[in-house]
Amino acid sequence: MKKIGFLSFGHWSPSPQSGTRSAGDALLQSIDLAVAAEELGADGAYFRVHHFARQLAAPFPLLAAVGASTKKIEIGTGVIDMRYENPLYMAEDAGAADLISQGRLQLGISRGSPEQVVDGWRYFGYQPGEGESEADMARRNTEILLEVLKGNGFAQPNPRPMFPNPPGMLRLEPHSEGLRDRIWWGAGSNATAEWAAKLGMNLQSSTLKDDETGEAFHIQQAKQIRAYREAWKDAGHTRTPRVSVSRSIFALVDDRDRAYFGNGGKEDDSIGFLDEKTRAIFGRSYAGEPDKLVEDLKKDEAIAEADTLLLTVPNQLGVDYNAHVIEAILKHVAPAMGWR
């Protein structure tokens with residue numbers, strides 16, 4: 001069995017061709033799609049976070065709203081950029097969202113990708129410490145977040161508080177038991193995947209990663225997952241970690257599908273540069289009649305390695321169509337792949 005969810009970037013545009021014309025549309029449609037996905041039997045509703053962009057940006061109000069509107073589906077992010085986060089404030093927000101959803105939060109975090117503005121985190125009031133890079137800052141924030149999510153007291157109580165305190169040092173509230181084990185790291189390289197394993201985080205691997213061997217994307221990603229699991233084992237953790245991969249997959253089952261995705265597209269990996277030093281490989285998309293789609297997906301080594309598959313959805317095509325995209329995978333592809 002494999003968990004299957006969707007991942008939405010929440011793009012919006014005032015263009016007449018867009019079905020998502022404002023930030024409000026993006027948020028409300030995200031809630032509606034999560035409700036529809038739950039009704040269809042999908043396992044997860046995940047949302048990307050991008051700042052300074054016409055996309056989803058503030059995850060916790062959305063996660064809380066989705067949690068309050070659904071009953072079973074996992075809710076998560078893929079990913080929150082930790083260069084922009086106060087880890088203590090984030091721990092409170094995450095605890096509240098997890099309690100509202102009754103323990104369904106799967107929080108994906110990372111050092112982030114190239115953003116819409118230069119050093120955008122500086123506008124949020126953050127800057128690396130002396131001798132730190134922005135990646136170091138993100139990892140430091142992550143380690144603080146993981147520590148406070150354990151729920152241990154660390155703050156000295158006021159001897160004359162306004163309200164009575166429990167005995168001992170105080171922790172952040174609200175605290176949600178078990179959330180620490182539901183933190184995921186979005187890793188762009190094998191080394192960061194291994195670092196995440198050592199810290200006891202689950203692994204998210206998206207549709208791009210550092211091009212470390214020159215091999216096909218799915219092969220490199222599968223090797224990253226195996227390296228992560230080996231590092232997890234070496235770290236001595238007792239629970240079984242979870243691993244997700246993201247893919248753009250479209251089953252062509254009606255005329256709408258064929259009109260949107262039937263003329264071919266990104267059927268091969270591509271190479272690009274995230275910055276002047278980082279050569280990245282971007283994984284292919286999949287679109288085809290269900291039988292052909294199953295045949296192609298069976299060759300994807302990374303999908304086979306992962307326990308969770310996140311389907312990237314074209315959210316500007318509207319809630320109804322995206323629910324159809326998810327349903328087509330659940331109905332026509334997942335059983336033949338042994339995922340259902």
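Let's start with helix H1, residues 23-40. It has 18 residues, and at 1.5 Å a residue it should span 26 Å. Its end C-alpha atoms are 26 Å apart, so the helix agrees with expectation. Keep in mind that this is a predicted model.

What is buried in H1? Ala 26, Gln 29, Ser 30, Ile 31, Leu 33, Ala 34, Ala 36, Ala 37 and Glu 38 are. And what covers them? The cover includes two strands, S1 (3-8) and S2 (44-47). It also includes two helices, H2 (59-69) and H10 (319-337). Just after H1 comes Gly 41, with a positive phi of about 100°.

Now the aromatics. The count comes to nine aromatic pairs. Take Phe 52 and Tyr 123. They are edge-to-face, 5.9 Å centre to centre, with 65° between the planes. Phe 52 sits in the loop between S2 and H2, while Tyr 123 sits in the loop between strand S5 (105-110) and helix H4 (134-148). So this pair ties together parts 71 residues apart in sequence. Buried or exposed? Phe 52 is partly exposed, at 42% relative accessible area. Tyr 123 is exposed, at 64%.

Next pair: Tyr 84 and Phe 124. Their ring centres are 4.9 Å apart and their planes stand at 85°, so this pair is edge-to-face. Tyr 84 is in the loop between strand S4 (80-81) and helix H3 (87-100). Phe 124 is in the loop between S5 and H4, 40 residues apart from Tyr 84. Tyr 84 is buried, with a relative accessible area of 3%. Phe 124 is partly exposed, at 40%.

Ring pairs link Phe 52, Tyr 84, Tyr 123 and Phe 124 into a cluster.

Conventions:
Residues numbered from 1 in each chain as written. Predicted model: local features only at pLDDT ≥ 70, side-chain atom pairs only at ≥ 80, totals over all residues. Heavy atoms only, no water. Helix = DSSP H or I, 4+ residues; strand = E, 2+ residues; numbered from the N terminus. Expected span 1.5 Å × (residues − 1). Buried < 20%, exposed > 50% of the residue type's maximum accessible area, 1.4 Å probe, protein only. Contact = heavy atoms within 4.5 Å. Phe/Tyr/Trp six-rings, centres within 6.5 Å; stacked < 30°, edge-to-face > 60°.
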